[in-house]
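Please look over the sequence and the structure shown below before reading on. The briefing that follows groups its points by topic.

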Amino acid sequence: MKKSFQIGSAFIGIIVGAGFASGQEILQFFSSFGYIGMAGSILATILFAFLGMNLTQLGSRLQTTSHKDVIYHICGRYLGAFVDIIITFFLFGVTVVMFSGAGAIFEEQFGLPAVAGSLFMTVITIATVTLNVQKVISLISAVTPFLLVMVVVIAGYSLFHFNPDSIDMDAAVAKTSPAASNWLMGALLYVSYNIAAGVAMITVIGGTVKDQKVAGRGGIIGGLGLGLLILLINISMLTQMDKIADVAMPMITLSNEIHPIVGFIMAIVLIGMIYNTAVAMLYAFSARVVKPEKPSFKAFTILFGVIAFIASFLGFVNLVGTVYPITGYLGFLLIAAIIVSWIMYKRKSARV
């Protein structure tokens, strides 16, 4: 179970980056639809647990060191090549969003230039990606418990100070920019793009374990943990929608409502989660193009780390609202392939 919990924590750490932990993603994909967005949170939890279990088990079964093996296994030669290109592109795109998110935190919370935050995150991410994969997994899983504690505190405070009569939910929701046309599509898109972004490192993590049951439990734990965080963040924002509808970092805004020290701590935890995802995405992107054991791996990582830093100046909110939904639609192909692969594996196992 210890290994399963480590896998689950790493899974959460991979998915929970700047957009998630800041509340911006949850705002656009769930809270912007009002109270019905809670139904989307529950649906996303179920899907994350199911897909996480399948991906970690596939990684374990194939003993993969790159998402390429898993993608071609479940999608076939031609569709696999297409999905592989999409995922590889998106890994770089999410790295850009993480660097931009770090800049937004430095600017909003610490009053420092955004470029300082983006540069700081770029440097430590590139430095970490040169480590071996086991060290990367340990680093990714370490920060997750701190985020859970902070989110529980903020959710509890928000609920305690919730006054339904003081919030015009329709007016507050009108200030938001939904990433989808309705709550159902919002939940499906959210799961889709996160799985598309996380599949590379999730399968690599599964590949570090030979026992498929251990790997599968880790995927389920990670999926349920993600769902719990989505629910708590969604509750926090729905109860304070009038205050956070048009801010870039809603969870930091709510943290500062409690006390500036809590806001500072939340900002530090958020930087840690951004670091987690940035490392996972840049490592998976570089490993897909250049094998980690090759001397050119470090040079490739530095080059594309710098390119991602330059691209991060496009703006955090714009990047979240544009890059993620587009890839989310494409990610439906991947989810369909995972479900078909699961059904075929179950039938094969039943015949044996």
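Is A142 buried, partly exposed or exposed, and what is its relative accessible area? A142 is partly exposed, with a relative accessible area of 44%, where buried means under 20% relative accessible area, exposed means over 50%, and partly exposed lies in between (1.4 Å probe, protein chains only). The model is predicted, so local features need pLDDT of at least 70 and side-chain atom pairs count only at pLDDT 80 or more, while totals for chains, interfaces and linings use all residues. Residues are numbered from 1 along each chain as its sequence is written, and side-chain values use heavy atoms, with hydrogens and water left out.

**Salt bridges**

- A salt bridge is defined here as a side-chain nitrogen of Lys or Arg within 4 Å of a carboxyl oxygen of Asp or Glu, and by this rule the count comes to 2 salt bridges.
- One of them joins the side chains of D84 and R288, with a distance of 2.5 Å from N to O. D84 lies in helix α6 and R288 in helix α15 (residues 260-289), so this pair ties together parts that are 204 residues apart in sequence. Helices, as the word is used here, are DSSP runs (H or I, at least four residues), and both helices and strands (E, at least two) are numbered from the N terminus.
- Within this pair, D84 is buried, with a relative accessible area of 4%, whereas R288 is partly exposed, at 21%.
- K243 forms a salt bridge with E257, and the closest N and O atoms of these two residues are 3.4 Å apart. Because K243 lies in helix α13 (residues 241-244) and E257 in helix α14, the pair ties together parts that are 14 residues apart in sequence.
- K243 counts as partly exposed at 38% relative accessibility, and E257 is also partly exposed, with a relative accessible area of 38%.

**A nonpolar patch on the surface**

- L79, F82, L330 and L333 form a nonpolar patch on the surface, and together they have about 310 Å² of accessible area. Accessible areas come from the Shrake-Rupley method with a 1.4 Å probe, and for residues only the protein chains shown count as cover.
- Patches are made of residues with over 30% relative accessible area and no salt bridge, with like charges joined within 9 Å and nonpolar side chains (Val, Leu, Ile, Met, Phe, Trp, Tyr) joined within 5 Å.
- Two helices, α6 (77-110) and α17 (316-351), each supply at least two residues of the nonpolar patch.
- F82 has its place in helix α6, and F82 is partly exposed, with a relative accessible area of 42%.

**Two helices that pack together**

- Two packed helices are described by the angle between their axes and the distance between the axes.
- Helix α12 (residues 212-238) and helix α14 (residues 250-258) pack at an angle of about 65°, with their axes 11 Å apart. The axes are lines fitted to C-alpha atoms, for helices over the stretch in contact, and the angles run from 0 to 180 degrees between N-to-C directions.
- The crossing of α12 and α14 is left-handed, a word used if the near helix is turned anticlockwise from the far one by less than a right angle, with right-handed used if it is turned clockwise.
- Where the helices meet, I233, S236 and M237 in α12 are in contact with P250, M251 and L254 in α14, contact meaning heavy atoms within 4.5 Å.

**Contacts and distances of single residues**

- N54 is found in helix α4 (residues 37-62) and is buried, with a relative accessible area of 6%. Leaving aside residues up to four places away in sequence, N54 touches I338 and W342.
- F162 is found in the loop between α9 (144-160) and α10 (169-174), and F162 is partly exposed, with a relative accessible area of 25%. Not counting residues up to four places away in sequence, F162 touches Y35, I167, L238, T239 and Q240. From C-alpha to C-alpha, F162 and Q240 are 7.0 Å apart in space, while they are 78 residues apart in sequence.
- K213, in helix α12, counts as exposed at 62% relative accessibility.
- A142 lies in helix α8 (residues 133-142), and the C-alpha atoms of A142 and Y72, which are 70 residues apart along the chain, are separated by 31 Å.
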